[in-house]
Structure formats: C-alpha cells, structure tokens
Amino acid sequence: MTQGSGDLVQIKNVDKVFKRGSEEIHVLGGLDLTIPDGEFLALMGPSGSGKSTLLNLIGGLDRPSQGSVEVGGENIDQLSDRRLAAWRARHVGLVFQFYNLMPVLTAQKNVELPLLLTHLSRAERKKRAAIALDIVGLSHRNHHFPRTLSGGEQQRVGIARAIVTDPTLLLCDEPTGDLDRKSGDEILDLLQALNREQGKTIVMVTHDIHAAARASRTLYLNKGRLSTELEE
Amino acid sequence: MAGPFNWLSQVTSVTAFGIQSLPQRLGSSLTSMLGIAGVVAVMVAVLSIAQGIMQTMNNSASVDNVVVLRSGSTSEMMSGLSGDETRFIAEGPGLARNETGSIASPELFVIINLLKKTTLTDANVPLRGVGKAAFDIRDTFRIVEGRMFEWGLNEVIVGIGARMEFEGLELGSTIPVGQEEWPVVGVFEAGGGLAETEIWVDSAVLQPAYRRGNSYQSVYAKLESPESYQAFKDALTSDPRLNVKPMRESEFYSSQSEMLYNLITGLGTFIAVIMGFGAVFGALNTMYTAVSSRTREIATLRALGFHSGPVVISVLTESMLLALAGGIIVAVAAWAVFDGFRAATVNMASFSQVAFAFDVSASLLMQGVVFALIIGFIGGVFPAIRAARQPVATALREL
Ligand SMILES: Nc1ncnc2c1ncn2[C@@H]1O[C@H](COP(=O)(O)OP(=O)(O)OP(=O)(O)O)[C@@H](O)[C@H]1O
Ligand SMILES: [Mg+2]
C-alpha cells in the first residue's frame, strides 16, 4: 500500500453529476488524474469548478457518477458505505478549511479521535496523539479546548488529527483559507515538512498562488477537466 | 477493523460528545424536556386520581358486610324500603348477632347543600341517618374529635374528608337541614373509606325532618362469616314479602365507582395521548435542531470514518435521556407533592361528593417514565435517521 515509489492515486475517465431537483449539474467530465506516491499536489481553479468534489472522490467521501477511482491499488468506488468508512479511517487524513474540531474535546482528545477507530489501547492512543501534537508544535496546548486556541493553532490541531493514524494520503481543502498570512505560512511549512521529511502524499485545494507554490505540482481545474496551465 | 468492541466504543464516544455539548443547546433541550414532563404530569395526575378513587372504594368495603337496596335501584338515592321490609331483612339467615339482635342498620340517605372550600360553589353532601348497628358494621369507625351524637337528638357527626372539603363543618358550627340548624358535635374517621365523606345522624331524627315516616333506603348488615352471604342472599331474594337486591359491600362500591373510574381513566388517557402528540412534535423539533446544530460535528465524525449507526444511537440516546429526565422530574415531584393529597369529585351514581386521596404508586410512576421514554424515542428516531442517511459529502457542505 505504501510502496516507496509508483502511482498512489489513479483516476480514470471520471464524471460527477449532481442532481438538484430536476436540474443536473455536470461538475467533472472525463477527468483523468494520476498522483505519484510522495507528491505534494496543489489543486487550483475558480470557485464552483469542482475542486472539493474531486478531493472528496479521492478521499472516498463521495463516489463518481462514472469512471474509476483507484487508491493504493484498491478500487474505492466499489466499496460499500461501511467499508468505505473503514477505508477512510485507515488511509485518509482530512484537513478542513474551518478545522472542524469537536468543541467539547481538548486538543489532545481531538487528535485521539481517529484512533478510537483502531484497536490501539488507551495508553497507546494517548502516546500517539502526544507525538502528533509535538510534530505540529502544540505539545504545550494539549489540554486546551479549541475555542481557546487561535485559528492557526486550531488548524495545527486539525493537521495533528489528520496525521495521527499515519494515513496513506493527506487531503487538505483550503487549509489556509481562513488564516492570516503568517499563520497560513506556518501551516504550509508544516505540510511541506510532512511531505519532504515523512514522504506524505498530500493533495491540497487552494485559491492562494503562494500556497500552491509550496507544492511540487499544481493542477488547474476548469470546466470539469484538469490542466497544467491556468487557461482563461 | 469494525469488530463489535470497536463499534461499541464508537457509540460511547459519539454519544458522549452529544451529551457533553447539551449545555450549548440548553434552551431547546429544556423546552423539550419540560414539554415531555408536562405530558407525563397530566398522565400521572389523572391516573393517580383514578387509583385514589379505587383505593377509597376498596377501603370502604369489608368482606363480611352486605348492602341491601330495593330491586332495580343502582344507588341508595334511588332505593326505598319500608320499615317492615327492613325488619324482614334484619331477620334474614347468616347475619352476625349481638345482645340486641342481628347486626343490621336500616339507613336513610339524603343530600344537603354545602359550599365547597376550594371553589366556594354549592356541592351535594350526603347526610346519612344510621341505626345503632351502623357502628358495629363499620368496624374502622372512630371518633377523632368531639363526641358521638346523642340518640334522639338533632346532632350530627362529620367525616374528616367531608370536614376538609366543605365549609361549615367545624366542631360547634351548625348545618342547615330543612328549616332547622343542626349542631356538629363530633368528627369521625372510617379507615379512609367512603363514609369519611359523609355526615351522620340518628335515622330516627332524620326521618321526620324529611317526612319519611317509617321508611328507609338501605340496610347495611354484618354477616356471621363471608361464606354465609349466599344463604342470606337466597333467603332474601326468594322471600315473597321482599323485592330487594342484596350485594356484598365490595360489589356495591365498585358498581358505584365504576362509571367514575372509567370516565376519569378514559378522559385522562385521551388527554395524555393528545398532549403526547404535542410533546412528540416538541421533541422532534428539538432533536432536529440538535442534529442540525451538530451537523458539522456529525459530518466530521463520519468523514473521519465513524459509522452512521453510532450517530443514530447517539441522537436517540440524547433524546431519550432528555425525556427520561423530564419523566423523572415529574415522577419525583408528583410523588412528593401529590401522594396522599386529598381532593373530591362527584360520584356519578349518587351525584354526591366523593373525597379521595391521590394515590401516586410506584407502578404509576414507572408508567409515567415509560411513557416519557416512548415520546423521547419517537421524537429522536426521525432526526437520527435523517442525520445518518445524509451523504457525508453533502453533510460537510452544510456548514
Ligand atoms: N452534494 C452536492 N449536491 C449538489 N451540488 C453539489 C454538491 N457538491 C457540489 N455541488 C455543486 O458542484 C459544483 C462544484 O462544487 P465544489 O464544492 O466542488 O466546488 P469548489 O471548486 O470546491 O468551489 P469553492 O472554491 O467555492 O470551494 C458547485 O456548483 C456545487 O454547487
Ligand atoms: Mg471547495
């Protein structure tokens, strides 16, 4: 699954159509995408172009209307809801624009959350959460509740939660979209370090050209397809 | 990966987040809890009234007592017996005896008007004329204040229930009977039974006051033993001089209270069901609000790989916990405030007042709590299913 080289994600001829009432919205059409293991890919494109939709397909949060999504050699579009949920828990780390932390849990407990889906002992969960918080530089904040943390700190908790299970893929939907420049840069430093030092494969949706510059490759989504150039 | 242990720990943690975040949704949670509490309160109140009335009737009845009315009459009010008839009845076989003869009391039953203390409106109060044997038949009878009336004098004694319920029954006050005012000389208990709602006087004094000549309305008598009832009954019903209906006391009281009991229970259930519907909608609304305010949380959990089963169970648990809290609050309050609380209602058979104590029993409280849980379940199940059915990607967008 985590082979050192090769293609981690293979998307072939994917269509995605949403139905809103009687109206059909064609978001993705005949889309192909290959992401090699260890890549840091930035996805850009106008609002509503389907960036989040594509990210959801890669992360098994949604299924294509047509075509196949293969991650680590597994065809995830064929999995049942139940198995897909288990697959996500094991292979995907998600980072959201608005952090999506549980307000009633401390930073430490938020990070431990995905580990509840594993068979790790309580002590082991605690240890791993502490390591993840250490990686994002927030060890000193582990007993704080989200509302007492700054936006940048909350996003770092979000990243710690995403990496605590050591996922195959890290998917970030506008991770700096709600942050000021400085906090945003810190988050990007962190993602870059995770990619370079730990070899994490990252897909990041962003509107920010500076953020995209940190990635090893940038693709533009427009009219349902990907291209390497921003076409007007 | 998804073993039963794992699933259970998902349920516990998802449920715990929901419950921990309850304080953030205090308003709507309290509203729904109180709504459910209100419904349960009505149900418990009504059923405790019904049980209280049954209890009063049961306390009134003794297994070796009989009541004899004219055939075809369903209450003492409607019955009538001549002095001769009451003598023939007292001569019936199987009755207990003492020095003065068989223990049988021919009685008169009339209604007077008194003000009800709570509403200050007119109410019908039974005034019973009794014979000497009456006190041997009601063996729980006891004077608790003042003294017994003198035979042959127009003095009355009042039941403690009646005194509590109506104006002007204090020791030393007088009650209007026809053109006269009769003094209250004593207060009595009768084991919590129906007699406690009545006013008693010498039947020989009551007869002329109501121009009854030598007639009566009923005969109360004590049997030698509960088994001698059949012989007594057969003798009376086959006696050509008599046209009467003997009944065991328990039979008589339950026939008197049946209509009332059914009416109250039926009405109470009806009201509780109607209110229950209201509470279900209240609970539904609360839980929809709760679910939508937790949309992001629930969607995030599911995105992280939590199953939707635990989500359903968490929402349901929350709803049922709120309902349980409402139910228990009512149960405790009802028991503390209302158990033994005395009230009165109209006996449908005699149209006189029946005083009774609310009987808030443990089983009644259990019924209330179960009812609350049912409301909580119905109120939670639809929002829970909705939360679980929504596709994760869609739920994540609704933030
Ligand atoms: N679950 C859904 N149901 C219906 N329509 C949807 C759904 N998800 C996405 N869409 C539609 O698909 C299109 C693409 O949405 P998407 O969120 O992928 O765009 P995006 O590129 O991420 O935009 P943004 O930059 O604003 O986040 C939009 O028109 C959106 O309204
Ligand atoms: Mg988006």
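Biologist: What does Ile11(A) touch, leaving aside residues up to four places away in sequence?

Modeller: In this predicted model, Ile11(A) touches Leu31(A), Asp32(A), Leu33(A), Leu54(A), Ile58(A), Ser68(A) and Val69(A), with residues up to four places away in sequence not counted. Ile11(A), Leu33(A), Leu54(A) and Ile58(A) are also the residues with the most contacts inside the largest nonpolar core, which has 37 residues. Strand 2 (residues 23-36) of chain A supplies the largest share of this core, five residues. Apart from it lies another core, of 35 residues, among them Ala42(A), Ala132(A), Leu133(A) and Leu190(A).

Biologist: Why is Glu85(B) called buried?

Modeller: The relative accessibility of Glu85(B) is 11%, and the word buried applies under 20%, so Glu85(B) counts as buried. Glu85(B) has its place in helix 3 (residues 83-90) of chain B, and it touches Arg70(B), Gly80(B), Arg241(B) and Leu242(B), not counting residues up to four places away in sequence.

Biologist: What does the side chain of Glu85(B) reach at 2.7 Å?

Modeller: The side chain of Glu85(B) reaches the backbone nitrogen of Ser82(B) at 2.7 Å, and this value is to be set against a limit of 3.5 Å for a polar contact.

Biologist: How do you know that the span of helix 5 (residues 151-163) of chain A agrees with its number of residues?

Modeller: At 1.5 Å a residue, the 13 residues of this helix should span 18 Å, and its end C-alpha atoms are 19 Å apart, which agrees.

Biologist: Why is helix 5 of chain A described as largely enclosed by the rest of the structure?

Modeller: Twelve of its 13 residues are buried, so the helix is largely enclosed; among these buried residues are Gly152(A), Arg156(A), Ile159(A) and Ile163(A). What covers the buried residues includes helix 4 (122-135) and helix 6 (181-198) of chain A, together with helix 9 (295-304) of chain B.

Biologist: What makes the site of ligand 1 shared between chains?

Modeller: Residues from chains A and B surround ligand 1, so the site is shared between them. Of the 15 residues around the ligand, Ser47(A), Lys51(A), Ser52(A), Thr53(A) and Arg397(B) come nearest.

Biologist: Which polar side-chain atoms lie 2.7 Å and 3.5 Å from an oxygen atom of ligand 1?

Modeller: A polar side-chain atom of Ser52(A) lies at 2.7 Å from such an oxygen, and one of Glu174(A) lies at 3.5 Å, while a backbone N or O atom of Gly48(A) lies 2.9 Å from an oxygen atom of the ligand. The protein covers 80% of the 630 Å² of accessible area that ligand 1 has on its own.

Definitions and conventions
Residues are numbered from 1 along each chain as its sequence is written. Chains are lettered from A and ligands numbered from 1 in the order in which they are written. This is a predicted model: local features need pLDDT of at least 70, side-chain atom pairs count only at pLDDT 80 or more; totals for chains, interfaces and linings use all residues. Side-chain values use heavy atoms; hydrogens and water are left out. A nonpolar core is a set of buried Ala, Val, Leu, Ile, Met, Phe, Trp, Tyr and Cys residues joined through side-chain atoms within 4.5 Å. Buried means under 20% relative accessible area, exposed over 50%, partly exposed in between (1.4 Å probe, protein chains only). Helices (H or I, at least four residues) and strands (E, at least two) are DSSP runs, numbered from the N terminus. Contact means heavy atoms within 4.5 Å. A residue is near a molecule or strand if one of its heavy atoms lies within 4 Å of it. A polar contact is a pair of N or O atoms within 3.5 Å; within protein, one must be able to donate a hydrogen and the other to accept it, and residues adjacent in sequence count only if both atoms are side-chain atoms. Accessible areas come from the Shrake-Rupley method with a 1.4 Å probe; for residues, only the protein chains shown count as cover. The expected span of a helix is 1.5 Å times one less than its number of residues.
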